[in-house]
Amino acid sequence: MRNFAFSSAENVDQAVSSERGNAGEASYIAGGTTLIDLVKLDVMRPVQVIDLNRLPLREVERLDDGRLRIGALVSNTDLAHHPLVTQHYPLLSQALLAGASTQLRNMASTGGNVMQRTRCPYFRDVAAACNKRAPGSGCDALEGVNRMHALLGTSEHCIATHPSDMCVAMTALGATLTLEGPNGTREIAFGDFHRLPMDRPDLEHELEPDELITHVTLDTPVVGGGSHYLKLRDRASYEFALASAAAMVAVEDGVIREARLALGGVATKPWRAVEAEQALAGKPARTESFEKAAEIALSDAVPREHNAFKVPLARQAIVRALEKASAASKHH
């Protein structure tokens with residue numbers, strides 16, 4: 001492991017100013033569940049690591065407009081079990097508890113989870129060609145072992161899958177990220193934060209080098225909506241998704257009033273299935289409607305040699321998640 005300078009920030013302004021002048025060479029650390037692994041593997045090579053754990057970003061609060069404001073340092077465990085989350089956003093709680101292990105959830109932060117990087121084995125192997133890690137070097141996953149890789153949002157430069165469960169739920173719920181930088185505070189819609197790889201897979205998000213995520217604010221809950229997070233994986237725990245679906249459905253008199261659907265394990269970013277949502281609106285809350293939505297959600301899938309099985313698997317995940325969410329709707 002390479003040497004780096006280590007410092008602790010006492011407040012947000014200090015954290016932001018500490019990174020200035022070290023663009024691309026400084027990294028923030030909270031729980032460290034991603035950063036430390038990648039530093040050990042020589043994938044990330046920070047010259048400076050800034051500890052954020054003294055910052056006052058551990059609160060979860062209900063805003064006057066009904067939204068939920070989450071500090072970036074709230075642990076995944078605390079967020080999953082917070083009364084406001086379990087009551088108003090059970091989808092998020094389910095997704096968080098489906099991820100990683102208890103020990104990792106105890107350490108992992110909300111902001112860190114948003115920023116976590118792919119588990120693509122070629123990205124994590126410095127001897128492999130990877131455009132995300134070394135732009136222009138190629139992508140060994142295209143013709144390599146790509147069973148775990150993405151079907152949606154891919155490009156000829158990268159097919160790495162986004163690993164987060166939490167982010168899939170937040171994409172379905174709708175959220176806003178608050179970012180702090182030397183030019184002040186700005187907000188960005190959660191769905192616009194993670195970038196598609198296109199021809200620059202090394203540019204993973206819209207965060208500027210000298211900015212810091214301070215809060216995630218969830219949209220107001222869907223009135224009368226039921227929800228369900230379904231994660232299909234090789235083993236029951238401590239495993240990344242082969243396909244996952246975060247569904248919210250509001251049903252009135254057997255008809256779908258509103259639907260939200262996001263996918264994980266199959267895309268290069270947390271994937272909102274907007275066209276499938278539109279197709280569900282006004283339709284009967286029946287399996288046939290959900291099957292049609294699943295077909296639409298996967299219509300642009302580009303399977304590779306080893307991951308074509310994810311198409312029917314993701315369809316099943318979508319249908320089952322929508323069925324359970326609609327059954328939980330309060331006006332069903």
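A crossing of two helices is right-handed if the near helix is turned clockwise from the far one by less than a right angle. In this predicted model, helix H5 passes helix H8 in such a right-handed crossing. The axes of H5 (residues 90-98) and H8 (residues 166-173) come within 8 Å and cross at roughly 165 degrees. Angles over 145 degrees count as roughly antiparallel, and H5 is therefore roughly antiparallel to H8. The H5 side of the contact consists of Leu-91, Leu-92, Ala-95 and Leu-96, which meet Met-166, Ala-169, Met-170, Ala-172 and Leu-173 in H8.

Helix H1 spans residues 12-19, and its residues Val-12, Ala-15, Val-16 and Glu-19 are buried. Viewed down the axis of H1, the buried residues fall within an arc of 95 degrees, so they line one face of the helix. These buried residues pack against four strands: E2 (26-29), E3 (48-51), E6 (175-181) and E8 (212-218). At the start of H1, the backbone nitrogen of Asp-13 has a side-chain oxygen of Asn-11 within 3.3 Å.

Apart from residues up to four places away in sequence, Pro-201 touches Asn-131, Lys-132, His-157 and Cys-158. Between Pro-201 and Ala-72, the separation is 129 residues in sequence and 25 Å in space, taken from C-alpha to C-alpha.

How values were computed
Residues are numbered from 1 along each chain as its sequence is written. This is a predicted model: local features need pLDDT of at least 70, side-chain atom pairs count only at pLDDT 80 or more; totals for chains, interfaces and linings use all residues. Side-chain values use heavy atoms; hydrogens and water are left out. Buried means under 20% relative accessible area, exposed over 50%, partly exposed in between (1.4 Å probe, protein chains only). Helices (H or I, at least four residues) and strands (E, at least two) are DSSP runs, numbered from the N terminus. The arc is that of the directions from the helix axis to the C-beta atoms. Contact means heavy atoms within 4.5 Å. A polar contact is a pair of N or O atoms within 3.5 Å; within protein, one must be able to donate a hydrogen and the other to accept it, and residues adjacent in sequence count only if both atoms are side-chain atoms. Axes are lines fitted to C-alpha atoms, for helices over the stretch in contact, and angles run from 0 to 180 degrees between N-to-C directions. Angles under 35 degrees count as roughly parallel, over 145 as roughly antiparallel, 65 to 115 as roughly perpendicular and the rest as oblique.
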